[in-house]
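Q: Please take me through one part of this model slowly. Then show me how the rest of the chain is arranged around it.

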Amino acid sequence: MVNNFNPSLNLRLIRRCPICNIEYKQSMIQVLDENEFGLLTYATCNSCGSNLLTKFSSLPQGVVGNAILTDLKSEEVLEFAAGDDISDDDVLYIQQAISKKDLINKFKDIQ
Ligand SMILES: [Zn+2]
């Protein structure tokens, strides 16, 4: 695969806060993880305080970006990123809990 991933170019794609439309300054954007295939960034808006998590991935068809608003702190994002991957059994467990309308109780058991 030809890797044409350019982190600095992709950072410039993060331009405005999706909540208040204020233009981000580069100092508001942290790079949490970076490798040859992608970039994970976290931006906190100085104006409204919202946090935007963005991931760019280099795929054969080009660079793909996803962004979500989050109430996680950047340290918490990294804690989740370091956790185990979701297994097939985890998906089946959740699907069964949903079909039994028991998902909320399962979450209560975790605490
Ligand atoms: Zn904002």
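**A close look at one residue**

A: Ser50 sits in the loop between β2 (38–44) and β3 (51–59). Helices (H or I, at least four residues) and strands (E, at least two) are DSSP runs, numbered from the N terminus. Residue numbers start from 1 along each chain as its sequence is written. This is a predicted model, in which local features need pLDDT of at least 70, side-chain atom pairs count only at pLDDT 80 or more, and totals for chains, interfaces and linings use all residues.

The cut-offs are simple. A residue is buried with 20 or more other C-beta atoms within 10 Å of its own, exposed with 12 or fewer, and partly exposed in between; the C-beta atoms are placed from the backbone.

Which residues does Ser50 touch, leaving aside its neighbours within four places in sequence? They are Cys17, Ile19, Cys45 and Leu69. Contact here means that two C-beta atoms, placed from the backbone, lie within 7 Å. Look at Leu69 in particular. Ser50 and Leu69 are 19 residues apart along the chain, yet their C-alpha atoms are separated by 7.1 Å.

Now look at the turn itself. β2 and β3 form a hairpin with six residues between them. Gly49, in that turn, has a positive phi of about 80°. The two strands pair in the antiparallel sense over seven bridges. Pairing requires DSSP to find at least two bridges between two strands. Thr44 faces Asn51 in β3. Thr41 has Thr54 in β3 as its bridge partner.

On to the neighbouring strand. β1 (residues 29–35) pairs with β2, also antiparallel, over six bridges. These two strands make a hairpin as well, with two residues between them. Ile29 stands opposite Ala43 in β2.

Four strands make an open sheet in the order β1-β2-β3-β4, with antiparallel pairing. β1 and β4 (62–70) are the edge strands, and each pairs on one side only. From one strand to the next, the twist averages 15°. Strands of a sheet pair through backbone hydrogen bonds, either parallel or antiparallel.

Helix α2 (residues 74–81) lies across β1, β2 and β3, at about 20° to β1. For such angles, axes are lines fitted to C-alpha atoms, for helices over the stretch in contact, and angles run from 0 to 180 degrees between N-to-C directions.

Step back to the chain. The protein chain has four helices and four strands, in the pattern α-β-β-β-β-α-α-α. Of its 111 residues, 8% count as buried.

None of its 12 residues is buried, so α3 lies largely in the open. It reaches 17 Å from its first C-alpha to its last, close to the 16 Å expected at 1.5 Å a residue. That expected span is 1.5 Å times one less than the number of residues.

Two loop residues deserve a glance. Most residues other than glycine have a negative phi. Asn21, in the loop between α1 (7–11) and β1, has a positive phi of about 70°. Asn21 is exposed because it has 11 C-beta neighbours inside 10 Å. Lys101 lies in the loop between α3 and α4 (103–110), and its phi is positive too, about 55°. Lys101 is exposed, with 8 other C-beta atoms within 10 Å.
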